[in-house]
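Student: Could you take me slowly through one part of this assembly, the interface of chain C and chain E, and tell me what each side brings to it?

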There are 6 protein chains.
Amino acid sequence: MYSLTVCDHIMIAHSFQGEEFGPAQRLHGATFAVEAEFRAPKLDHHQLLVDIGLAKTELRKLLATVDYTNLDDNSVFNGINTTTEYVAFHIHGLLAAACRDGRLGDGGRAVTALKILVREAPTAWAAFEGPIEQGA
Amino acid sequence: MYSLTVCDHIMIAHSFQGEEFGPAQRLHGATFAVEAEFRAPKLDHHQLLVDIGLAKTELRKLLATVDYTNLDDNSVFNGINTTTEYVAFHIHGLLAAACRDGRLGDGGRAVTALKILVREAPTAWAAFEGPIEQGA
Amino acid sequence: MYSLTVCDHIMIAHSFQGEEFGPAQRLHGATFAVEAEFRAPKLDHHQLLVDIGLAKTELRKLLATVDYTNLDDNSVFNGINTTTEYVAFHIHGLLAAACRDGRLGDGGRAVTALKILVREAPTAWAAFEGPIEQGA
Amino acid sequence: MYSLTVCDHIMIAHSFQGEEFGPAQRLHGATFAVEAEFRAPKLDHHQLLVDIGLAKTELRKLLATVDYTNLDDNSVFNGINTTTEYVAFHIHGLLAAACRDGRLGDGGRAVTALKILVREAPTAWAAFEGPIEQGA
Amino acid sequence: MYSLTVCDHIMIAHSFQGEEFGPAQRLHGATFAVEAEFRAPKLDHHQLLVDIGLAKTELRKLLATVDYTNLDDNSVFNGINTTTEYVAFHIHGLLAAACRDGRLGDGGRAVTALKILVREAPTAWAAFEGPIEQGA
Amino acid sequence: MYSLTVCDHIMIAHSFQGEEFGPAQRLHGATFAVEAEFRAPKLDHHQLLVDIGLAKTELRKLLATVDYTNLDDNSVFNGINTTTEYVAFHIHGLLAAACRDGRLGDGGRAVTALKILVREAPTAWAAFEGPIEQGA
């Protein structure tokens with residue numbers, strides 16, 4: 001199995017609902033460093049999994065929709081705690097769709113699985129990984 | 001699959017038995033930087049895998065039992081070389097038990113697998129990963 | 001010249017005033033990874049610059065006053081953009097005072113300079129460094 | 001499952017064929033930081049997966065065959081774009097053979113899978129992982 | 001003293017002249033991860049040293065002149081070994097000029113010193129630092 | 001001012017004398033990741049500060065004298081707490097002598113200052129820096 005990973009980051013504000021969160025119930029924020037790992041069982045005839053430039057550009061576009069915002073004000077996350085785990089899941093959905101839609105070229109259409117790892121601090125990070133169901 | 005990782009470290013002395021170890025047969029030591037990765041197929045209603053604060057506190061408690069010690073003097077490791085691989089395995093056992101026992105809350109009881117990665121130096125590390133058999 | 005550095009981090013929300021800031025004028029946030037570097041020309045008779053445990057504890061106390069908060073709501077920063085550069089300067093002031101006041105022990109009183117480096121993202125960070133004027 | 005990882009790096013020149021590569025069609029180069037992760041379901045009686053010293057020595061030997069060279073001039077890569085993904089695959093083949101041939105000792109013969117991760121830049125890396133078919 | 005650092009990288013081919021270089025006399029290459037540290041004794045009224053976005057854009061423009069090239073073919077480096085030390089010095093000259101020329105705004109004109117650190121590998125890097133002589 | 005940095009690490013056991021050290025009074029150990037930064041105001045005609053290969057080889061030789069040992073048993077450190085600060089100072093003395101003695105070639109004789117940074121853990125490190133008094 002091959003994999004290719006590209007990185008970017010976002011800087012957001014948010015707060016959490018639930019006593020378990022303690023001080024994180026207050027409005028605070030995070031730099032989320034995002035690593036997007038594309039997986040495929042083989043490379044194309046150029047020996048590419050996905051085009052790195054295209055992958056970075058598309059990831060940036062998707063992240064730009066939430067970068068420099070307060071996630072609490074985003075109706076997409078209505079009633080949902082934007083934990084690091086959930087943010088990884090959310091980005092996974094966006095980038096998987098981009099692969100299926102051809103926004104990452106033929107390479108993206110051949111991606112079979114995607115892992116999004118999100119670092120919230122030097123000592124804590126979360127990830128979501130899952131297969132990409134490519135269309136017929 | 002979701003994952004959440006928290007980090008800590010210990011500073012220990014030890015030595016190895018066996019000619020293969022060369023100079024590492026002498027009493028020496030290591031900073032073991034520990035990454036504990038919890039995995040689960042879904043999040044709870046708060047969008048949490050395990051509570052990060054609880055995970056860090058419990059990991060610290062477990063590591064404190066060996067931190068700032070000479071592992072050669074610990075009867076738990078009697079006749080066992082405390083290689084980085086083995087230390088990862090050992091911590092895995094302790095933290096898996098904490099998950100099963102409820103010391104990491106309901107989140108810990110929903111953890112299905114655990115990976116312990118231990119960095120011994122900038123250029124070498126080891127890990128042990130395995131499922132957590134949650135009780136009935 | 002000797003130096004000793006300890007690390008911690010905070011997760012805050014804030015926004016900036018001024019067109020130069022572009023999208024960062026919106027409420028957003030950051031994980032600020034903080035490195036506090038204490039400098040002194042000599043060590044004490046124990047070969048210590050400052051006690052690492054004491055340094056970490058004091059740094060944590062100072063950071064806790066802003067951790068998990070919206071800096072825009074903090075009267076201390078009234079009318080001030082809490083850029084990474086400024087946050088480094090602010091923490092420098094708090095920790096320098098702790099050194100002078102004896103909160104870091106005799107080691108802290110012997111510190112002659114302090115550098116606070118604050119990482120806002122994997123690709124950008126800022127710092128403030130300056131001498132500590134120890135009292136008579 | 002246990003794993004053990006050792007690191008090294010190479011500094012090479014190369015160019016790519018294909019319009020998709022844009023400016024990377026020109027002769028350029030890369031520092032490839034290589035992480036070799038050996039996996040096995042159990043440790044030997046010394047609690048070792050593979051001998052770290054032996055693993056580093058063998059990895060260095062294999063990398064030395066391409067270190068400080070222009071990959072475009074290497075007949076092994078004739079007509080093949082030496083993308084980071086492909087370089088990971090290539091090193092995987094060399095190191096898997098070394099495991100099977102006993103060049104990593106009995107530990108190497110017990111390795112069941114190998115992952116080679118190659119970092120081309122702070123924000124991009126690729127990997128190839130696969131089982132090692134040990135001889136009868 | 002304040003400082004602000006931004007990062008980028010280039011991927012180049014080159015070779016060295018002189019027996020001291022051993023195998024590095026052959027055509028090879030490097031990923032040079034570049035850290036540009038701007039220093040100034042005070043911030044502007046927005047609490048900025050230099051605008052991070054502007055600094056990153058300008059650094060990218062300067063690096064683009066050599067990115068994905070063979071430095072041996074660049075007349076700028078005619079007869080000069082493009083060691084990591086020298087590359088740091090070269091980038092320093094380009095970025096210092098950009099500060100003086102106003103390409104980094106008023107912030108750039110207030111920069112008093114600049115350090116360029118270039119990482120060639122995880123275990124080796126070089127830097128050049130020096131004052132910026134701002135025009136009258 | 002130019003600088004060049006090379007890295008290596010040692011794995012040692014030791015203990016500390018003095019109540020201030022708390023649990024670190026017990027025999028424990030550390031991985032000390034060492035960064036040796038050589039400084040000089042100019043490069044030689046090859047555009048080198050010091051030869052990286054030579055610098056790494058010499059650093060390794062000096063570190064080998066304490067690598068995989070218990071520092072408590074080393075008469076060199078008799079009655080001295082081998083804190084991270086002190087270890088940095090100790091290595092500084094050894095490497096400065098190597099520069100002066102010509103063991104790092106003409107480049108080493110032109111080095112005007114040396115900084116040794118020693119990382120004991122991901123969140124704590126110490127350094128000693130000072131001029132090198134080159135002989136007449």
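Tutor: Let us begin with the word contact, which here means heavy atoms within 4.5 Å. The model is a predicted one, and what follows is computed from it.

By that rule, 19 residues of chain C are in contact with 17 residues of chain E. The area buried between chain C and chain E is about 1600 Å², and carbon and sulfur atoms give 52% of this area.

Sorted by class, the side of chain C that touches chain E has 10 nonpolar, five polar and four charged residues.

The strand β4(C) also takes part in pairing between the chains: β4(C) and strand β1 (residues 2–14) of chain E pair in the antiparallel sense over five bridges. Within this arrangement one can look at A127(C), which stands opposite S3(E) in β1(E).

It remains to ask how the chains are placed relative to one another. A rotation of 120° with 0.0 Å of shift along its axis superposes chain C on chain E, with an RMSD of 0.0 Å, and the two copies are therefore related as by a three-fold rotation axis. In chain C, the C-alpha nearest that axis belongs to P122(C), at 9.0 Å from it. Chain A, in turn, can be laid on chain C with an RMSD of 0.0 Å by a turn of 180° and a shift of 0.0 Å along the axis, so that these two copies are related as by a two-fold rotation axis. Finally, with contact understood as above, 100% of the interface residues of chain A are also interface residues in chain C, so the copies meet through the same surface.

Definitions and conventions:
Residues numbered from 1 in each chain as written. Chains lettered and ligands numbered in written order. Predicted model: local features only at pLDDT ≥ 70, side-chain atom pairs only at ≥ 80, totals over all residues. Heavy atoms only, no water. Buried area = accessible area lost by both parts, 1.4 Å probe. Nonpolar A, V, L, I, M, F, W, Y, C, P; charged D, E, K, R; others polar. Pairing = 2+ DSSP bridges. Helix = DSSP H or I, 4+ residues; strand = E, 2+ residues; numbered from the N terminus. Least-squares fit on C-alpha atoms with pLDDT ≥ 70 in both.
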